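Trainee: Could you show me how to read the side-chain features of a model, one feature at a time?

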Amino acid sequence: MARREMQGDDWVIRIEQYHDWWFDNAVEFLGHLLERLGVDVVWDGGISFEPLDEDEVERLVEEIERLIEVKLKYPKESDETGVIEKKWRVYLPLTASNKRGDYKYKYLSGFLGKEPKLKKDIITLLLSDQLNGQKKKKICEICSKSTVLGLIDVTQGVYPVSNNNLESLNGVRSMKTSFKSCLLCNFLGYIEWLDRGIPFTWYMDKRGNSKTDYAYYLFPKIENIQDMHQFKKRLRDDILNEKKYSNVVPISNIKKERYLTDEYSLLLLLFEKMNENIKNLEKWDDLVCDEWAKLLIKKGELRYSYLEEIHIPQIERFKKIFEELLPYSDFVSHSFASPLKEGASKEIIQRLTKEDQYLMSKGIIMDDFKTFSKAFQIRQNCRLSTPKDALDYLIYTWRCKDGTI
Ligand SMILES: [Zn+2]
């Protein structure tokens, strides 16, 4: 819960960090939005700032409305008319559908779907007004702070893994499937979906008539929120580039937008892009992040979300590898499953290519040669075809240089 505090002669609003992968990123994101409005934000175990005035609340809502268009929609060419339309990213747990006559339409639910006027009222209440603490207080099950504003059910829009696994959420002892939060946690949870500082990739797997969406989001886990802010600022300003399938765009100049189909390829390409950007700076390993929370949202008939932590061993070794080649751009992305004899279907070749690229990227990221080498096993009459020079370079810089082997 946001708290008003006296600092000197001034009231400030303070939001403490949660020590949780989702909400800490959300607190950082709110701080970033406020800085963009010109608000002075103090980063110290959370964020503090002077209560927002009417104009700042208005501009914050405008920015949220703008980001809803950028982050939650993508352009799609209509099959019938050929016109480019904006579609909701319906695999996210943020849209609901309704029927008007025969026409089924999708709309945004929760805080993000509210009218701008109501958004303004909520933000004014949270970040600007002084709350009167006389009424009966209730305890929020996410931040454990008391609130006079009442509690709201926590949906996956507020905390994406809320129905599956609450273990990673600090402060929540109970494991019941439905729990409630205060208005601030609700607000922060929803706006985190608009965060441009989170690398993501999305792809659709089509088999026959059924299709499944897979969306991977990578949340940096950096305990010091000021450091997290610096890291994400670099991502937002210099690295990430919002596109339909991903915000980490392959380095090579290819006409058709290519998408990454697993979290390790996403990480590898992200590091390559960071390396390109920070080449001239000395402290490479201070500028990259080796702890991430991976969120996978899988949506076929039903929607599931999974959370996994990724701890990257010896991240500094990438600096040496990158001096000789870019493992994803020069190697993994040019490696494909190819049939030993005729008869392998296109679907099998595509699936094996995807699996092989996953195994190679995972092996390189996790410094695990056994996983890497699995990509080279012959499966279903297909073998891996890779650029040979790049493979030699990779093995040399990764495994042989400096006496690793
Ligand atoms: Zn709360």
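Predicted model: local features only at pLDDT ≥ 70, side-chain atom pairs only at ≥ 80, totals over all residues.

Trainee: Where in the chain do W202 and Y245 lie, and are they buried or exposed?

Mentor: Helices (H or I, at least four residues) and strands (E, at least two) are DSSP runs, numbered from the N terminus. W202 is in strand β13 (residues 200-207) and Y245 in the loop between α5 (225-239) and α6 (263-278), 43 residues apart, and the pair thus links distant parts of the chain. Buried means under 20% relative accessible area, exposed over 50% and partly exposed in between (1.4 Å probe, protein chains only), and both W202 and Y245 are buried. Elsewhere, ring pairs link Y18, W21, W22, F23, Y159, W193, F200, Y217 and F219 into a cluster.

Trainee: Which residue lies over the face of W88?

Mentor: A charge sits over a ring if NZ of Lys or CZ of Arg is within 6 Å of the ring centre and within 35 degrees of the ring normal. K73 lies over the face of W88, at 4.5 Å from the ring centre, and R399 lies over the face of W398, at 5.2 Å.

Trainee: How many salt bridges does the count come to, and which side chain meets D195 in one?

Mentor: A salt bridge is a side-chain nitrogen of Lys or Arg within 4 Å of a carboxyl oxygen of Asp or Glu, and by this rule the count comes to 27. The side chain of D195 meets that of R236 at 2.9 Å, N to O. This pair links distant parts of the chain, with D195 in the loop between α4 (183-191) and β13 and R236 in helix α5, 41 residues apart. Both D195 and R236 are buried.

Trainee: What separates D237 and K233 within helix α5?

Mentor: D237 and K233 are separated by about one helical turn, because they are four residues apart in helix α5, and their side chains meet in a salt bridge of 4.0 Å, N to O. D237 is exposed, with a relative accessible area of 54%, whereas K233 counts as partly exposed at 35%.

Trainee: Is K294 buried or exposed?

Mentor: K294, in strand β15 (residues 291-299), counts as buried because its relative accessible area is 7%. A polar contact of 3.1 Å joins the side chains of K294 and E263; such a contact is a pair of N or O atoms within 3.5 Å, where within protein one must be able to donate a hydrogen and the other to accept it, and residues adjacent in sequence count only if both atoms are side-chain atoms.

Trainee: What is the phi of Q314?

Mentor: Q314 has a positive phi of about 45° although it is not a glycine, and its place is in the loop between β16 and α8 (317-324).

How values were computed. Residues numbered from 1 in each chain as written. Heavy atoms only, no water. Phe/Tyr/Trp six-rings, centres within 6.5 Å; stacked < 30°, edge-to-face > 60°.
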